[in-house]
Amino acid sequence: MTAVRIAVLDYGIGNLRSAQKALEKVGADAHLTADRGFIDDADAVVLPGVGAFGACMQALRSARLDDVAVSAAASGRPFLGICVGMQMIYEGSDESPAVPGLALLPGRVRLLPSGVKRPQMQWNRLVARRALDPLLEGLTRNAWMYFVHSYATDDMSHAIATCDYGGPVVAAVGRLNVWATQFHPEKSGRDGLHLLRNFVSIAERARDHVAAATG
């Protein structure tokens, strides 16, 4: 069986290669790419992001990958946003109010609550809200992930995990074929690699299902 092909969207901002290398480490054929043909043919797509929401969205649009990301999610293939990549899948962010997001999920991203240090730059423990979600499969109750962020969605509708930072903060979301993590799984040691391995397994099952359905 050939390795799952994963397109990590390369829009020229931040250290996007770390996500690609981590996916390779857990067995994927992962490519950091802006090639639309490869992205359209990939078994799954990953949108990482670091820095500010507005700058990331501007860079994604300048690279003409915003519509590509939306199309990839709409295709039914597994899609994963990471850190600011998670924030980008919402309709917008209070960090850059005039900049629209990808609107893969409804809602906006808000500043972390008053009374906590911003950014949250630390390891924090995940609290599963949807324990049977395939992205969280096999993670222990003491799974710790690494966060660096000042903004997060306050909409719990699609939350599959939270962390405690002045109250519950959405740490991971999932709806149909779209998942996203506010933390950096590629920087989160064994637990982060376990989550990425789960995503690769999701992509493998989806690919095999399509292959079986098409004969």
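Analyst: **Spaces and their surroundings**

Sorted by class, the residues lining the largest pocket come out as 7 nonpolar, 2 polar and 2 charged. Do keep in mind that this is a predicted model. To find that lining in your view, look for Arg125, Leu126, Val127, Ala128 and Ala131, then for Leu136, Gly138, Leu139, Thr140, Arg141 and Ala143. The space in this pocket amounts to about 230 Å³.

Now move on to the second largest pocket, which holds about 200 Å³ of space. It is lined by 14 residues, and those closest to its centre are Gly76, Arg77, Pro78, Ala206 and Val210. Helix α6, which covers residues 189-213, is the top contributor to this lining, with 5 residues. By class, the lining has 6 nonpolar, 4 polar and 4 charged residues.

Gly76 gives us a way into the next part of the structure. This glycine follows helix α4, and its phi is positive, near 95 degrees. Helix α4 spans residues 66-74, and its buried residues are Asp66, Val68, Ala69, Ala72 and Ala73. When you look down the axis of α4, these residues fall within an arc of 165 degrees, so they line one face of the helix. On the other side of α4 you will find Asp67 and Ala74, which are exposed.

What do the buried residues of α4 pack against? Their partners are the strands β1 (5-9), β3 (44-47), β4 (79-82) and β13 (178-181), together with the helices α2 (36-41) and α3 (53-62).

Thr33 lets us look at part of this region from another angle. This threonine lies in strand β2, residues 29-33. Its relative accessibility is 11%, so Thr33 counts as buried. Setting aside neighbours within four places in sequence, Thr33 is in contact with Ala7, Val8, Leu9 and Asp10, and also with Phe38 and Ile39.

Around the largest cavity sit Asn15, Leu16, Ser18 and Ala19, then Pro48, Gly49 and Val50, and finally Ile82, His184, Glu186 and Lys187. By class, this lining divides into 5 nonpolar, 4 polar and 2 charged residues.

Finally, a word about the cysteines. A disulfide is a covalent bond between the sulfur atoms of two cysteines. This structure holds 0 disulfides. Cys83 is in no disulfide, and the nearest cysteine sulfur, which belongs to Cys56, is 8.5 Å away. For comparison, a disulfide needs the two sulfur atoms to be within 2.5 Å. Cys83 is also buried, with a relative accessible area of 2%. What about Cys163, and how far is its sulfur from the closest cysteine sulfur? The closest one is in Cys83, and at 12 Å the separation is too far for a bond. Cys163 is buried as well, with a relative accessible area of 1%.

Definitions and conventions:
Residues numbered from 1 in each chain as written. Predicted model: local features only at pLDDT ≥ 70, side-chain atom pairs only at ≥ 80, totals over all residues. Heavy atoms only, no water. Buried < 20%, exposed > 50% of the residue type's maximum accessible area, 1.4 Å probe, protein only. Helix = DSSP H or I, 4+ residues; strand = E, 2+ residues; numbered from the N terminus. Arc of directions from axis to C-beta. Contact = heavy atoms within 4.5 Å. 1 Å grid on protein atoms, 1.4 Å probe; cavity = no way out; pocket = protein on both sides within 12 Å on 5 of 7 lines; lining within 4 Å. Points joined across faces, edges and corners; volume = space filled by probe spheres on them. Nonpolar A, V, L, I, M, F, W, Y, C, P; charged D, E, K, R; others polar.
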